[in-house]
Amino acid sequence: MKNANQKFTRIGVVLLTSLTMMACNQSKTTSKTQPELGHRSAKILNVDHLQFKDLNQNGKLDPYEDWRLSSTERSKDLVTRMSLKQKAGFMLISTTRMENDHTFEQTTSSEPVSSGFNESDLVMDQNMFTRVKLDYPNMFAAGTTKAVTEFHERHFILRANPSAKTIAQWANNLQALCESDGLGIPAIIASNPRNHITMDASAGLSVGKTDFSIWPGELGLAAMRDFELTRDFADIARQEWVAAGLRKGYMYMADLCTEPRWQRTEGTFGEDARLTANMIREVILGFQGDSLNSTSVALTTKHFPGGGATEGGQDPHFAWGKREIFEGGMLQNNLIPFKAAIEAGTSSIMPYYSIPINTKYPEVAYAFNKPVLQGLLRGEMGFDGIINSDTGPIDMMPWGVEDLSMMERYKKSIEAGVNIFSGSADPTVLIETLETYPELMPLVDKSVERLLKEKFDLGLFENPYVSPEKAETIVGNKEFQKKADLAMRKSIVLLRNEMHQNEKTLPLEPGTKVYFENCMKSKDNAPGQVILPDQNKWNLEFVETPEKADIILLWIVPKSKALFDSDGSPLYLSLSQNNVDVEHIRQLVNTKPTILSINFSNPWVIDEVYQPDSENIKGVLATFGTTSEALLDVVSGAFNPTGKMPFSTPVSEEKAQNQQADVPGYMEGDDYALFIFDEGMSY
């Protein structure tokens with residue numbers, strides 16, 4: 001009887017095992033619904049009444065082509081099918097150019113950028129940022145077909161700024177080329193921000209004015225203190241980017257602008273770690289969702305472990321700015337926004353060029369700094385995503401490893417933890433490195449797996465194609481811009497509102513005669529331009545001269561030297577040092593009661609035109625990249641201001657020059673600031 005029971009028990013186990021296996025197979029077949037397959041050259045395979053793309057065109061369903069499997073399983077399979085040369089090309093992300101796109105070239109061509117390919121290589125013998133001669137010429141961009149079929153690249157940065165429809169058409173052409181080559185691995189197209197008003201629009205920073213919905217600058221988003229609207233912004237931008245075929249953002253900056261002179265302050269969310277953490281969290285969740293999927297834009301949070309504590313405000317794109325000074329011992333404060341980014345699931349993190357000073361870490365740039373990337377970022381902070389180098393640490397900004405050869409730099413950086421290198425389209429030296437140091441291959445395979453997983457999660461293997469007509473309809477539509485216009489208004493901060501004729505000056509009384517001037521020097525050196533709105537919806541009377549006005553509204557727009565025009569000379573925050581005709585403003589202020597509005601792309605020092613006891617200045621506002629219409633809505637009372645300052649502004653140039661680089665302004669003492677972080681009034 002005992003033997004019989006054991007027999008039946010064994011039969012039961014076998015039956016249970018069989019049923020479990022059947023259930024697993026059934027789960028594999030039915031747990032995911034058939035996705036839409038976008039294809040050009042790949043044939044469709046019919047398996048188990050489902051459809052799959054035969055990307056390598058071998059006539060059978062391989063694991064990496066099976067969308068029922070996890071992205072991890074598919075990545076592990078595909079990496080085994082890739083050659084060393086394919087892996088090397090896959091670990092590069094470079095600029096790519098469209099037809100008639102002459103980015104980084106000086107040309108007189110007036111042909112419009114179109115959806116075809118630019119098949120010319122862009123080779124530079126000098127550093128594009130510092131203009132210093134390079135030891136080795138750098139192929140910054142390869143001809144598109146060569147990049148895909150010879151160099152095996154699949155990661156590209158688009159810098160051009162044509163219409164959304166043209167971008168979508170070009171993206172489809174690029175994906176079709178990738179699909180037809182080798183293993184059929186799709187491309188991922190990255191971009192810097194395309195949705196903000198910015199003072200320093202240049203390659204590597206922000207694209208500037210585009211077809212996409214136009215929002216305040218990043219500082220302005222932070223000034224709103226509206227995290228729900230911040231999420232709306234990111235979700236709207238996500239829809240626009242996906243429609244155009246852009247699936248990766250080289251953004252946003254989690255850096256803290258604790259050095260007020262830093263020339264990249266405009267791209268930050270301010271000086272406070274908690275506010276920046278909240279902003280980064282909302283932006284990542286808005287662009288990516290709770291996890292990467294076929295409707296996501298994958299983000300690259302930068303610049304780890306925070307690049308704002310620069311020496312003298314200089315930037316580490318240049319040798320004179322390569323030292324990051326933690327004189328206040330506040331490195332841990334810099335990490336707070338990155339912790340939020342990791343918790344929100346950011347797909348990538350980008351280390352900066354800087355060398356850390358006054359920390360426990362080696363004095364070598366972060367892209368080569370294993371204790372920072374492996375020990376801190378991966379070990380202590382638990383980041384398991386992609387580590388994406390900034391542009392050019394190997395050949396252009398190799399701070400701390402200048403004496404190493406190119407191959408030695410690649411080796412050190414791979415060992416430090418970098419998964420993908422930005423700045424070169426030519427994998428030749430990387431291939432030589434991997435052939436010379438075969439012990440690097442396990443690290444390379446892990447990097448390629450991470451990079452492939454991102455593409456699988458984004459659904460690019462199933463359908464990388466977009467509808468150009470849909471892109472034209474979605475990008476920059478009126479409903480999106482309506483939300484952006486609200487953000488413009490919410491980003492404005494009311495800082496001072498003095499008495500005028502026994503009442504608060506703002507909002508202005510209906511019928512007030514207003515002289516409105518934008519105070520930014522023009523190319524012909526005029527100190528400002530009179531603004532006379534085409535449509536007057538504010539119940540104000542706009543006049544052409546100060547003499548006719550009841551009140552003067554001055555919108556001061558300082559502009560520092562562009563980042564990539566840096567020459568290492570000292571940086572200042574006084575208005576007279578930043579393209580503002582101070583004497584012209586003083587003359588106007590002495591003429592009539594005046595409202596000052598200052599556009600803060602840095603924490604400008606305004607003591608040359610304003611003191612707390614300035615008799616004729618009746619109000620002060622702060623903007624951070626907005627429109628004149630939004631500003632008039634606030635001063636007229638059509639919109640009640642709610643914004644708060646994202647940073648403190650130094651009371652004097654002396655205070656600015658002596659601020660500790662890693663210490664927020666609000667921690668610098670009671671006598672430091674004129675306007676304080678989080679300050680802002682309403683009517």
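I looked up M667 and found it in the loop between α18 (653-658) and β27 (673-675); helices (H or I, at least four residues) and strands (E, at least two) are DSSP runs, numbered from the N terminus. Before going on, I noted that this is a predicted model, where local features need pLDDT of at least 70, side-chain atom pairs count only at pLDDT 80 or more, and totals for chains, interfaces and linings use all residues. Residues are numbered from 1 along each chain as its sequence is written, and side-chain values use heavy atoms, with hydrogens and water left out.

Next I checked the barrel. It is closed, has eight strands with parallel pairing, and runs β3-β8-β9-β10-β11-β13-β15-β16; strands pair if DSSP finds at least two bridges between them. I zoomed in on β9 (residues 188-191) and β10 (residues 248-249), which are parallel and share two bridges. In β10, K248 is the bridge partner of A190.

Which way do β1 (residues 43-47) and β2 (residues 50-54) run? They're antiparallel, and five bridges join them. V47 stands opposite L50 in β2. The hairpin has two residues between its strands, and D48 in the turn has a positive phi of about 55°.
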